[in-house]
Amino acid sequence: MLPDNVLKINPTVTIPLAELHFQFSRSGGPGGQHVNRTESQVELTFDVLGSPSLQETQRARILSKLKSYIDTRGILHLASQTTRSQYRNREEVVERFQLLLERALHVPKRR
């Protein structure tokens, strides 16, 4: 069983939550006065180039598969603003991060 402060990506890769950085801002769109008062939009950033949790082959695979999410400094950016709840948006962006990394690190079997 893994501790709560670690994300399991696949059987060989785990990422400590300390490597994920979150920024909160006001979300756009409808919502009345609520949208003007709460910072419910969540942006997750993850330093792919500087992560000690990744091996070089994993790092290269993520950089090539997720290049549209990664900036020139090697930082992966994901954002969520689908709900009015900051907590739920944070959960959603972490789930998306796990899924994207899992898919990027999947090596298809040779046939």
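Q: Which residues of strand E2 form its covered face, and which form the uncovered one?
A: In this predicted model, local features need pLDDT of at least 70 and side-chain atom pairs count only at pLDDT 80 or more, while totals for chains, interfaces and linings use all residues. Residues are numbered from 1 along each chain as its sequence is written, and side-chain values use heavy atoms, with hydrogens and water left out. Strands (E, at least two residues) and helices (H or I, at least four) are DSSP runs, numbered from the N terminus. In strand E2 (residues 13-16), Val13 and Ile15 make up the covered face, whereas Thr14 and Pro16 make up the uncovered one.

Q: How many bridges join strand E1 to E2?
A: Two strands pair if DSSP finds at least two bridges between them. Four bridges join E1 (residues 6-10) to E2, and the two run antiparallel. Asn10 stands opposite Val13 in E2. Two residues separate E1 and E2, which form a hairpin.

Q: In what order do the three strands of the open sheet lie?
A: Strands of a sheet pair through backbone hydrogen bonds, either parallel or antiparallel. Here the order is E3-E4-E5, with antiparallel pairing. Strand E3 (20-25) and strand E5 (75-80) are the edges; each has a single partner strand, so one side of each lacks a neighbour in the sheet. From one strand to the next, the twist averages 20°. Strand E4 (residues 41-47) is joined to E5 by six bridges, and Glu43 has Ala79 in E5 as its bridge partner.

Q: Which strands does helix H3 lie across?
A: H3 lies across E3, E4 and E5 and runs at about 135° to E5. Axes are lines fitted to C-alpha atoms, for helices over the stretch in contact (heavy atoms within 4.5 Å), and angles run from 0 to 180 degrees between N-to-C directions.

Q: Is Asn89 buried or exposed?
A: Relative accessible area decides the matter: buried is under 20%, exposed is over 50%, and partly exposed lies in between (1.4 Å probe, protein chains only). Asn89, in helix H3 (residues 86-105), is buried, with a relative accessible area of 0%. Apart from neighbours within four places in sequence, its contacts include Ser40, Gln41, Val42 and Thr83.

Q: What geometry does the pair of Phe46 and Phe97 have?
A: A pair of aromatic rings is described by the distance of the centres and the angle of the planes. Rings of Phe, Tyr and Trp (its six-membered ring) pair if their centres lie within 6.5 Å; planes under 30 degrees apart count as stacked, over 60 as edge-to-face and the rest as tilted. The structure holds one aromatic pair. The ring centres of Phe46 and Phe97 are 5.2 Å apart and the planes stand at 70°, so the pair is edge-to-face. Because Phe46 lies in strand E4 and Phe97 in helix H3, the pair ties together parts that are 51 residues apart in sequence. Both Phe46 and Phe97 are buried.

Q: How many salt bridges does the whole structure hold?
A: A salt bridge is a side-chain nitrogen of Lys or Arg within 4 Å of a carboxyl oxygen of Asp or Glu. The search finds four. One of them joins Glu56 and Arg59, with the closest N and O atoms 3.2 Å apart. Glu56 is exposed at 58% relative accessibility, whereas Arg59 is buried at 9%. Shared partners join Arg88, Glu91 and Glu95 into one network.
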